[in-house]
Amino acid sequence: MNNFKLNTIEEALEDFGKALEDGYDTPEVHFNMGICLVQLGDYAKGRDEMEKALESEDPEIQESARELIDQINEYEKAGGAMTATAAAQDGTQEGTQEKT
C-alpha cells in the first residue's frame with residue numbers, strides 16, 4: 001500500500017482493489033478507496049466506499065467517513081467545486097495488514 005503515500009492515486013486505488021480481491025474486505029480498505037476516488041473526482045463511487053467504511057469499529061474512521069459523505073452531498077447540492085477535497089487530504093487509515 002505504499003503507492004498511496006507516494007501520491008500515485010491511481011496505483012493506490014488499484015492496490016486497494018487488489019486487497020479486496022485478496023480477501024481484505026475491511027471498512028478501512030473501503031475508506032482508503034473512497035479517499036482515492038474522491039481525489040480522482042469520482043464522488044459518487046467515493047461516497048459508496050465511504051458508506052461501507054461506516055461499518056468500521058474505529059470511531060475516527062466512522063467520523064471521517066461521515067464528514068466526507070456530507071461534503072460530497074453538499075458539493076452535489078451546490079453543483080460547485082469541492083474545496084480541495086479537504087477530508088480526502090487527511091491521509092489514509094491503516095487496516096489492510098490483517099485479514100479478517
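**Exercise 1.** In what order do the elements of the chain run from the N terminus on?

*Solution.* The model is predicted: local features need pLDDT of at least 70, side-chain atom pairs count only at pLDDT 80 or more, and totals for chains, interfaces and linings use all residues. Residues are numbered from 1 along each chain as its sequence is written, and side-chain values use heavy atoms, with hydrogens and water left out. Helices (H or I, at least four residues) and strands (E, at least two) are DSSP runs, numbered from the N terminus. Counting them gives 5 helices and 0 strands. The order is therefore α-α-α-α-α.

**Exercise 2.** Determine how the aromatic pair is classified.

*Solution.* Step 1: A pair of aromatic rings is described by the distance of the centres and the angle of the planes. Step 2: Rings of Phe, Tyr and Trp (its six-membered ring) pair if their centres lie within 6.5 Å; planes under 30 degrees apart count as stacked, over 60 as edge-to-face and the rest as tilted. Tyr 43 and Tyr 75 lie 4.5 Å apart, centre to centre, with 55 degrees between the planes, and the pair is tilted. Step 4: Tyr 43 belongs to helix H4 (residues 43-53) and Tyr 75 to helix H5 (residues 59-78), so the pair ties together parts 32 residues apart in sequence.

**Exercise 3.** State whether Tyr 43 is buried or exposed, and do likewise for Tyr 75.

*Solution.* Buried means under 20% relative accessible area, exposed over 50%, partly exposed in between (1.4 Å probe, protein chains only). At 15%, Tyr 43 is buried. At 23%, Tyr 75 is partly exposed. In the chain, buried residues make up 40% of the 100 residues.
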